[in-house]
Amino acid sequence: MTYREPLPEGCPPDNAEEITAPRIVYRLLRSAPPTDDDFRSQRAEKPHRIFRRVTECRARGVSVRTDLDEAIEIMKLPQMQGKLLCQVQLDNGAGRIMQTGEWPNHSTWWPLADFDILANCSVVTI
Amino acid sequence: MKTVKITEIVEYYDGIQLFVARDPIGGHYLGEAVDKVGNCDRYAVVGVRPELLADFQAGRVDLRTLLLEMPGGEWYIMMPKGTIDDPQELMPQLVSLADTDYLPEEDYFLEPDEPLDSGPVRRALERGKVVTVTGLVEHANRSVGEWALLTDGGIQSGKTYPGGPVLDGLQVGKRYRFKCAQVTELDPLWRDKQTLYLHHVEHV
């Protein structure tokens, strides 16, 4: 099983759920159409950053929202204004996912290399 | 130069978007990511009244209102240096925050915390992440679902979960064996912590 980005030992965590059934998650985009760059991890974006409050494993995952309203809500923040929203149809072979943080609707997704993200991503009209 | 330490991350998406911080004399602050300089996030930080901050965290006040209610109208820019665990310097700003592009849109509300469902506990049990703790009940608070046992190795504490055993009938000072699911969670600063969820209890 090869992940899209190199992951440290023990990552994803044991309690990350393997995606085996269809589900939708939401991700913010810089622009349309979506590109692979929209699905880069924090680590890929910031190779030299020391993430003291976020584990290396989590830094190598991708933030997604599992609830549309919650995804729209975060677009109100200054750094997120002007971004677009896409829904990603996950299915068997998409990788593993885990709810992270204090909120039930924020998850970290570790995509498998073979999962075609862009083919399963569509921009949401708000 | 004023400094603060981050005490809680309240919004995260590809990095810290909102955080709560305290200064050395206990003042409360809220920081929001506003832009990037190179790969470094920049934050607008405002002092906030604790009661208004509590209202924001409970989902009763929106972020924009919280930021505009800053005492004295003072606000700062913070660019994290060193490690984010270190005290961070705040640079006072002269222009009004309301005249910048740094305010969120109206009606950004935090969702109040929701209780854990049984999913993480079930997955931990399926993966054999089970810890058995034997000791004297030190406290068992049913209303908040928290317990602690005094064991030979010290105090072990944990929680209950929906659908799991409740704490009714446990007697403080009596000896019990708790079989618990060990679940990896995040503390308010997003560091991993191991939490024990009571799965089975027996008097010994």
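A residue is called buried if 20 or more other C-beta atoms lie within 10 Å of its own, exposed if 12 or fewer do, and partly exposed in between, with C-beta atoms placed from the backbone. The structure is a predicted model, in which local features need pLDDT of at least 70 and side-chain atom pairs count only at pLDDT 80 or more, while totals for chains, interfaces and linings use all residues. Residues are numbered from 1 along each chain as its sequence is written, and chains are lettered from A, with ligands numbered from 1, in the order in which they are written.

Chain B contains three helices and 12 strands, where helices (H or I, at least four residues) and strands (E, at least two) are DSSP runs numbered from the N terminus. The radius of gyration of chain B, taken over C-alpha atoms, is 21 Å, well over the 17 Å that the globule rule (2.2 Å times the number of residues to the power 0.38) gives for 204 residues, so the chain is more spread out than a compact globule. Along the principal axes, the C-alpha atoms of chain B fill a box of roughly 65 × 35 × 35 Å, and 30% of its 204 residues count as buried.

In helix α3 of chain B (residues 119–126), the buried residues are B:P120, B:V121 and B:A124. Seen down the axis of α3(B), these buried residues fall within an arc of 100° (the arc of the directions from the helix axis to the C-beta atoms), so they line one face of the helix. After α3(B) comes B:G128, whose phi is positive, near 75°.

Seven strands of chain B form an open sheet with antiparallel pairing, in the order β6-β1-β2-β3-β4-β5-β7, two strands being paired if DSSP finds at least two bridges between them. Strands β6 (88–89) and β7 (91–92) of chain B stand at the edges with a single partner strand each, so one side of each is left without a neighbour in the sheet. Within chain B, strand β4 (residues 40–47) runs antiparallel to strand β5 (residues 75–78) and is joined to it by four bridges, and B:A44 stands opposite B:I77 in β5(B).

A nonpolar core is a set of buried Ala, Val, Leu, Ile, Met, Phe, Trp, Tyr and Cys residues joined through C-beta atoms within 7 Å. The largest such core has 52 residues, and among those touching the most other members are B:F19, B:A44 and B:L66. Strand β1 of chain B (residues 3–12) gives the most to this core, with five residues. Apart from it lies another core, of 14 residues, including B:Y161 and B:F178.
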